[in-house]
Amino acid sequence: MLPPLTATHSALPTDSREDIVERLLTTTHPSPNQPWLAKIIASWLTGNSVLPDFIGLEPEQFKALCQFYFADADISTKAVSGIVPDYRRMPEIDDLIQLLQAYSRTRDQENDWIISIIVIACMGLDHLWEDLGLWQRSELSALISYNFPQLAESNSKNMKWKKFIYKKLCDAEGIYLCRAPSCEVCTDYAKCFGPED
C-alpha cells in the first residue's frame, strides 16, 4: 500500500497536485470518472478547490468512493479542507440534485457521488471546473458528457457549465430572468459564453 495522503486545515500535504494524482492513479479503474476524481481530490488535498470536508460527501461515502476508485492509496479520512458549506446560501440544492438525476446516464452509487460533488461545487464563486478542483474546463465538459450525456448535448452553444446548469434549472421551473430575446443579441453574451480558461 502507498503512504497515506493526508491534509488538515493547518497543514497541507507537501506533494504537488501532480504527484498526488500520480499516486492515486497507480491502479487503473474501468470508470472514466477515476482520473477526474483523482484531480478533484488532489486539488482538495492541496487547498485548490472550494469543496468542503470529504469533498462534500458524507464521511462513509467518501471512504467508499476512495476504496472504489483508489483502493491502493490510503487517503486519510482525517483530510479536511476547513471549509464548511453554508447551505442556507443554496436553497435550490434539492432542485439541482433532481435536475442532474434526470439527465444521469445511470442511477447508481457512482453517479450519486458525482452529483453530490458537482452540486456542492456550485456553491463556489468561480467557474465550476475551478470550484471542483479540475485543472481545465475541458475536463469538466468530458465529465459531464460521460455522466450526463443528454445535458452535454443540450449545451450546443458551449455555455459556461454553472450558468448552463442554472439556466436549465430556471427553465424547468418556468423562471425566465433574462430579458434579451436571444443569447446572441444579449449584452451579457461574453459572461455566459466567453472563455473560462
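Hi everyone, thanks for coming. One thing before we start: this is a predicted model, so please keep that in mind as we go through it.

Let's begin with helix packing. Two packed helices are described by the angle between their axes and the distance between the axes.

First pair: H2, residues 33-45, and H7, residues 137-147. Their axes come within 10 Å and cross at roughly 135°. H2 and H7 are therefore oblique to each other, and their crossing is left-handed. Who makes the contact? On the H2 side we have Asn33, Trp36 and Lys39, and on the H7 side Glu139, Ala142, Leu143, Tyr146 and Asn147. If you sort the residues of this H2 and H7 contact by class, you get four nonpolar, two polar and two charged.

From H2, the residues involved are Asn33, Gln34, Leu37, Ile41 and Trp44; they meet Phe62, Leu65, Cys66 and Tyr69 of H3. By class, the contact of H2 with H3 has seven nonpolar residues, two polar ones and no charged ones.

Now over to H4, residues 93-102. Which of its residues are buried? Ile93, Leu96, Leu99 and Leu100 are. Looking down the axis of H4, these buried residues fall within an arc of 125°, so they line one face of the helix.

Let's stay with one of them, leucine 100. Its relative accessible area is 1%, so leucine 100 is buried. What does leucine 100 touch, once we leave aside neighbours within four places in sequence? The contacts are Ile115, Ile118, Val119, Phe148 and Leu151. Take phenylalanine 148 from that list: leucine 100 and phenylalanine 148 are 48 residues apart in sequence, yet their C-alpha atoms are 7.4 Å apart in space.

Next, a residue in H6, which covers residues 128-132: glutamate 130. With a relative accessible area of 31%, glutamate 130 is partly exposed. Beyond its neighbours within four places in sequence, glutamate 130 is in contact with Asn48 and Ser49. There is also a C-alpha to C-alpha distance of 9.2 Å between glutamate 130 and leucine 140, which are ten residues apart in sequence.

Last stop, the loops, and something for those of you who like backbone torsions. Phenylalanine 54 has a positive phi of about 60° although it is not a glycine. This phenylalanine sits in the loop between H2 and H3. Is phenylalanine 54 buried or exposed? With a relative accessible area of 15%, phenylalanine 54 is buried.

Asparagine 158 is also not a glycine, and has a positive phi of about 65°. You'll find asparagine 158 in the loop between H8, residues 149-154, and H9, residues 161-173. Asparagine 158 is partly exposed, with a relative accessible area of 44%.

Definitions and conventions:
Residues are numbered from 1 along each chain as its sequence is written. This is a predicted model: local features need pLDDT of at least 70, side-chain atom pairs count only at pLDDT 80 or more; totals for chains, interfaces and linings use all residues. Side-chain values use heavy atoms; hydrogens and water are left out. Axes are lines fitted to C-alpha atoms, for helices over the stretch in contact, and angles run from 0 to 180 degrees between N-to-C directions. Helices (H or I, at least four residues) and strands (E, at least two) are DSSP runs, numbered from the N terminus. Angles under 35 degrees count as roughly parallel, over 145 as roughly antiparallel, 65 to 115 as roughly perpendicular and the rest as oblique. A crossing is left-handed if the near helix is turned anticlockwise from the far one by less than a right angle, and right-handed if clockwise. Contact means heavy atoms within 4.5 Å. Ala, Val, Leu, Ile, Met, Phe, Trp, Tyr, Cys and Pro count as nonpolar, Asp, Glu, Lys and Arg as charged, and the others, Gly among them, as polar. Buried means under 20% relative accessible area, exposed over 50%, partly exposed in between (1.4 Å probe, protein chains only). The arc is that of the directions from the helix axis to the C-beta atoms.
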